[in-house]
Amino acid sequence: MPTQAWGSPAVQHGAPEPPRKKNRTAVIAVVAAVAVVAAAAVTAVLVTNEDDGGKEEAKGGKKPSAAASSSSPAKGDEGGDDSSGDSSGEDNPRAGQTVEPVIPGWKTVINPKRHNAFDVPAGWYVASPDTMSSYSKDGKPIISMTGPAYYKRDRCTVKDKKTGFTTSSPLAGAGTKGAQGAKTQAQAAKTEALNWLYAVFDQDETGDFKYTTPKKFTSEYGVKGYSSSATVTGVKKTDKCSSDGKAFTVTYTDVNGDWATWVLYSAKGVKDEISDETIKKIMNTLRPLKSGS
């Protein structure tokens, strides 16, 4: 079933500048390996080899046009399930993987493309490693991440007045994207946090964007780089799914020497909001993943 995201993307080459006050229109396309949707401008793509760190970026600051969306994100926080009704087998398509969680009872998210792994609470939905979550322009991804996991994929549903589709939105999502072309890892961490907030929560830039100064980051399990966080508050409520938001990022050097950025975005000021403490706990589980693991 097509799934409306929280907003519209703002992407530029390398490490783009923070969002500027312009009205732009675009819609998220969260693409899961198990979802193939054909309707209006809906795109569902299973990406296995494309570089999500470059293909998704809009050239020349052109305004993206609206595109319908599709999604398969899903479940609760700190072990609590949502109401999606997924069975335990379907809930974790990476069951049987060799990479074990470092937090007992949590699930491990692996990303062979970006050579990392991290853990999420048991109630999250973990997509397959080759799944790409992307925002689209004219059917083409302009910002994306791979190996995503989602919290409460059907938290909010709304009917699109233009397409007539009833769409749903996750409360939060996490994954990893490329950062090649950024001037510094600190800049990449900051601008990705702002871009994902703009993309997911405030396409019209009605809210107040704030970010933290990027700082050196080292997880307990060996990922080193820079981290940043950002918030957008005072977002104009255009429908019942409109929400303020927050994002946390870590830009690091993967085992192949490439730069990558881990992203976690979440609705803010809503019921079941993921606490900053839980997000930092998730972030601290980031660890290198060797090729072939």
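**A walk through the predicted model**

Thr108 lies in strand β2, which spans residues 107-111; helices (H or I, at least four residues) and strands (E, at least two) are DSSP runs, numbered from the N terminus. This is a predicted model, in which local features need pLDDT of at least 70 and side-chain atom pairs count only at pLDDT 80 or more, while totals for chains, interfaces and linings use all residues. Residues are numbered from 1 along each chain as its sequence is written, and side-chain values use heavy atoms, with hydrogens and water left out.

Thr108 has a relative accessible area of 1% and is therefore buried. Buried means under 20% relative accessible area, exposed over 50%, and partly exposed in between, with a 1.4 Å probe and protein chains only.

Strand β2 belongs to an open sheet of 3 strands in the order β2-β3-β15, with antiparallel pairing. Its edge strands, β2 and β15 (287-288), each pair on one side only. Two strands count as paired if DSSP finds at least two bridges between them. Between β2 and β3 (residues 116-120) there are 5 bridges, and Val109 stands opposite Phe118 of β3.

Ile282 leads on to helix α3 (residues 276-284), where Thr278, Ile279, Ile282 and Met283 are buried. These four are on the same side of α3, because they cover an arc of only 140° around the axis, the arc being that of the directions from the helix axis to the C-beta atoms. An α-helix has 3.6 residues a turn, so residues three or four places apart point the same way. The cover over the buried residues of α3 includes β3, β11, β13 and β14 (259-268), where contact means heavy atoms within 4.5 Å.

Another set of pairings involves strand β12 (residues 224-233). Strand β10 (residues 208-211) pairs with β12 in the antiparallel sense over 4 bridges, and Lys210 has Thr231 as its bridge partner. Strand β11 (residues 215-218) also runs antiparallel to β12, joined by 4 bridges; here Lys215 is partnered by Ser227. The hairpin of β11 and β12 has 5 residues between the strands, and in this hairpin Gly222 takes a positive phi near 105°. With β13 (residues 244-253), β12 forms an antiparallel pair over 8 bridges, in which Ser229 stands opposite Phe248.

The structure holds 1 disulfide, defined as a pair of cysteine sulfur atoms within 2.5 Å. This disulfide joins Cys156 to Cys241, with 2.0 Å from S to S. It links distant parts of the chain, 85 residues apart: Cys156 is in strand β7 (residues 156-159), and Cys241 is in the loop between β12 and β13. The link is left-handed, with -95° about the S-S bond, and both Cys156 and Cys241 are buried.
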